[in-house]
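Here is my note for your review. Please keep the structure open while you read.

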Amino acid sequence: MSALWPVLWPLLTATVMGLLWRHPVWHRWIGVGACFAHVFIAVHLMGEANGRGPVVTTLGGWKPPFGIVFVADRLGAAMVLVTAVIGFAIALSSVRGIDARREAFGYHPLVQTLLGGVCGAFLTGDFFNLYVWFEVMLVSSFVLLALGGERRQMAGALHYVSYNLVASATFLIGMGTLYGSIGTLNMADVAQRLPQANPAVAAVVVGLLTVAFGVKAAVFPLFTWLPASYHTPPTLVSALFAGLLTKVGVYALIRTTTLLGPDSAPWLPGVLVVVAVLSMGFGVLGAVAQDDFRRVLSLHIVSQIGYMLFGLALMTPLALAGAVYYVLHHILVKTNLFLIGGLAKRMCGTERLAGMGGLYRRSPGLSLLFLVPALSLAGLPPLSGFWAKLFVVRAGIEADAWAGVAVALACGLLTLFSMLKLWNEAFWKPAPQEPTEPLWTARRKWMAVPVALLAIGTVGFGLFAGPLFAFSERVAEELLRPETYVQAVLGGSK
Amino acid sequence: MRSLILSVGARAVSPLLLVFSFHCLLRGHNEPGGGFIGGLVAGSAVALWVLADGVERFTVQAVPGGEGQTVRSGSSALRGGMVDPVTVMSVGLLTMLASGFVGLALGREDFLTGAWWTVNTPLGSAKLGTPLLFDLGVYFVVVGVVVAFVFELSQEAPQ
Amino acid sequence: MSVLVVVLVGVLFAVAAYLMMRRSIVKLIFGLLLLGTSANLFIFVAARLVPGRPPIVAPGQSTLEPPFADPLGQALILTAIVISFGVLAFAMVLVKKTYQAIGDDDLDALDPVSREEEG
């Protein structure tokens, strides 16, 4: 039952909020309380998965590979834990940060449904349910994206919906092929049986799944929906999306690559390296060219996803551990940057960099809070981003992937440049017009609390890089020996 | 555009559709039917009503500052005494989740494990189980979703 | 029989692709829906077609007699249909809201204006 709770809990919360539909103000505090509890549920699961190996929960008394199964190995549990932390930060921020109209249309229950979908995607043990949780996540994100009905939101939502529905159809076709050829969709079972199937069919399956997950993860040729949509909704929604949604795609890529890759698709790592390098480069170049706070940050997501994929593609224990550490660090940092972007937008009245300025003089505290995640993203020691990049780059050197290493280092410099541009434009340069209203209203102070919490988390992630990396190595070890996973699922549950 | 024929017809057909939807729900375990189909049929009964009589039958157009205005749905609010579709959805979801816990509470191993009882009535015995409860939840969720979307789509844009 | 369905899947994909390339938002949504439908049909045919043999145990027997249609593939499709039903409902509301916001069904009307608005 324990691998199911992190999924059921947010859905239960959303249901309770739905029953209290007419009292959106209550939703805020129910959300905060539920997300706080969710963190503990996730910690508990983490403890179990880390101590005793993969936690397997079956549904309805059907044993794998026939029934629905939830599996929490170290990777899944760690992702759920970070998701819960982000959920808590967003819920805390949402207490004061969302307008009454969006609240009345169900903002809070939608956030909970989204969290449920994300956790479901991290914990599910078969491909079809992965599709279902993707859709749960997508439908709630569609609504969150379009909620409010501003003109540019509509444009963003249409891009996002079209791209993601095409990806879902691709995923479905891949699953149809998979089911038609080997008659199972349970991940562990597929890992065992796909190598015996026709290699051409296996290649088609893995290829289709990779394309579908690539769209969700926003990798190089498939990322265009992300910069088209992420800057349109309220900042809190952007922050939630930026932290979690693309990482679900990355998680799915990690899972399929490690579970199916080595036996069924030996060509996959080669493709991934190219995709990763191109994502790093194009993402960061796009970001450098932008002059809007959130658009800069959105394109950096693409670039950072490239680093994670680079680690994944090398498939050595060090590289994989680096990729896992990178994912976990990036979720915290990216959410935080978007939250700060939201605060800066409120303070300057605009997100265009040309219209911003003077924040350092008016609030050194906020500037410091910006510098922590920004420099971490750029990879300055001793912050978490430095270690993340170091592990991935070192793995690249060990694997003699020099081109990738060169691009990774160059992109690190460009990321630093881009972060300094944000710093110069929004914080350092004098404000274009003299501000009239006070900077810190009660609402903004409240919204700075989750920012500060996440910044402390980022610093902690950097300071305790040693133990965290040791954990990532254990995750990588588990991922590189899929037998453990398969054994846990198929060899008698409980 | 209002049609008298459709309006009168809907009055006769909609209750029948609701009864039929319940029939679909109950036969669903062993034969074609089930919560989703039943919910769709029931939802279409409401949709028919809305098509025939207009959505004003169910909602109050909000006049700025006027009576019946809530922040709930921008342009309109439900008439007094009507159950909100979102409430129906939530009750359905809660029923589905609850049906999953019944098995657990009775000492079964897994979430959603079915538990069955035989009920004897003067008309014969029937087997009732948690899958029916689950289907009932699905039924409510689908009805709620359909009705919510029908209301949303039939609202005219506020000028 | 299978060949017919396979051809149908192909035709539906072509239609979906064509519709998605159009400039009209309504046609884009139709295209996306047809894409989902053809993917569902694809699963249907990939799970093997066994006409006239539903996987229902005959009265008085305790097991199924082969050949019988694979119920799992159909269960998958049913789930996918339910999901696409929800997405369809949402997409229709989205089209309506978009039309209200821009007063046009043309995708090209979305972008230049939105850029103008921001800049």
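The points below go through confidence, the chains, their contacts and some backbone details.

1. The overall scores are ipTM 0.89 and pTM 0.91. Please read every point below with that origin in mind.

2. **Confidence in chain C.** The mean pLDDT of chain C is 82. Of its residues, 92% reach 70 or more. Helix α1(C), residues 2-21, has the highest confidence in the chain, at 92. Helix α4(C), residues 111-118, has the lowest, at a mean of 50. Over residues 113-119 of chain C, pLDDT falls below 50. That stretch still has seven contacts in the model beyond near neighbours in sequence. Where pLDDT is low, predicted coordinates should not be read in detail.

3. **Fold of chain A.** Chain A contains 21 helices and two strands. Along the principal axes, its C-alpha atoms fill a box of roughly 70 × 55 × 40 Å. Buried residues account for 66% of the 494 in the chain. Among contacts in chain A with a separation of 6 or more, 81% join residues 24 or more positions apart.

4. **Fold of chain C.** Chain C has four helices and zero strands. From the N terminus the order is α-α-α-α. Is this chain compact or spread out? The radius of gyration is 20 Å, well over the 14 Å that the globule rule gives for 119 residues, so chain C is more spread out than a compact globule. Its C-alpha trace spans about 70 × 25 × 20 Å along the principal axes. Of its 119 residues, 27% count as buried. Residues 24 or more positions apart make 56% of the chain C contacts with a separation of 6 or more.

5. **Helix α7 of chain A.** This helix covers residues 151-182, which is 32 residues. At 1.5 Å a residue, α7(A) should span 46 Å. The end C-alpha atoms lie 47 Å apart, which agrees. How many of its residues are buried? The count is 28 of the 32, so α7(A) is largely enclosed by the rest of the structure. Just after the helix, G183(A) takes a positive phi of about 70°.

6. **Where chain C meets chain A.** Here 29 residues of chain C are in contact with 26 residues of chain A. On the chain C side, α2 (25-46), α3 (71-102) and α4 each supply at least two residues. Helix α3(C) gives the most, with 14 residues. By class, this side of chain C has 19 nonpolar, six polar and four charged residues. Treat the α4(C) part with care: that helix has the lowest confidence in chain C.

7. **Where chain A meets chain B.** This contact takes 16 residues from chain A and 17 residues from chain B. On the chain A side, α1 (5-19) and α4 (100-104) each give two or more residues. The largest share comes from α1(A), with five residues. The chain A side has nine nonpolar, five polar and two charged residues.

8. **Cis peptide bonds in chain A.** Most peptide bonds are trans. The bond joining P64(A) and P65(A) is cis, with omega about 5°. P65(A) sits in the loop between β1 (55-58) and β2 (69-72) of chain A. The bond from P381(A) to P382(A) is also cis, with omega near 0°. P382(A) lies in the loop between α16 (364-378) and α17 (384-398) of chain A.

9. Most residues other than glycine have a negative phi. A218(A) is not a glycine, yet its phi is positive, about 60°. A218(A) lies in the loop between α9 (199-217) and α10 (225-229) of chain A. A218(A) has 26 C-beta neighbours inside 10 Å, so it counts as buried. D400(A) also has a positive phi, near 60°. D400(A) is in the loop between α17 and α18 (402-428) of chain A. Is D400(A) buried or exposed? D400(A) is exposed, with 10 other C-beta atoms within 10 Å.

Technical notes
Residues are numbered from 1 along each chain as its sequence is written. Chains are lettered from A and ligands numbered from 1 in the order in which they are written. This is a predicted model: local features need pLDDT of at least 70, side-chain atom pairs count only at pLDDT 80 or more; totals for chains, interfaces and linings use all residues. The expected span of a helix is 1.5 Å times one less than its number of residues. A residue is buried if 20 or more other C-beta atoms lie within 10 Å of its own, exposed if 12 or fewer, and partly exposed in between; C-beta atoms are placed from the backbone. pLDDT is the predictor's confidence in each residue, from 0 to 100. Two residues are in contact if their C-beta atoms, placed from the backbone, lie within 7 Å. Ala, Val, Leu, Ile, Met, Phe, Trp, Tyr, Cys and Pro count as nonpolar, Asp, Glu, Lys and Arg as charged, and the others, Gly among them, as polar. The radius of gyration is taken over C-alpha atoms; the globule rule is 2.2 Å times the number of residues to the power 0.38.
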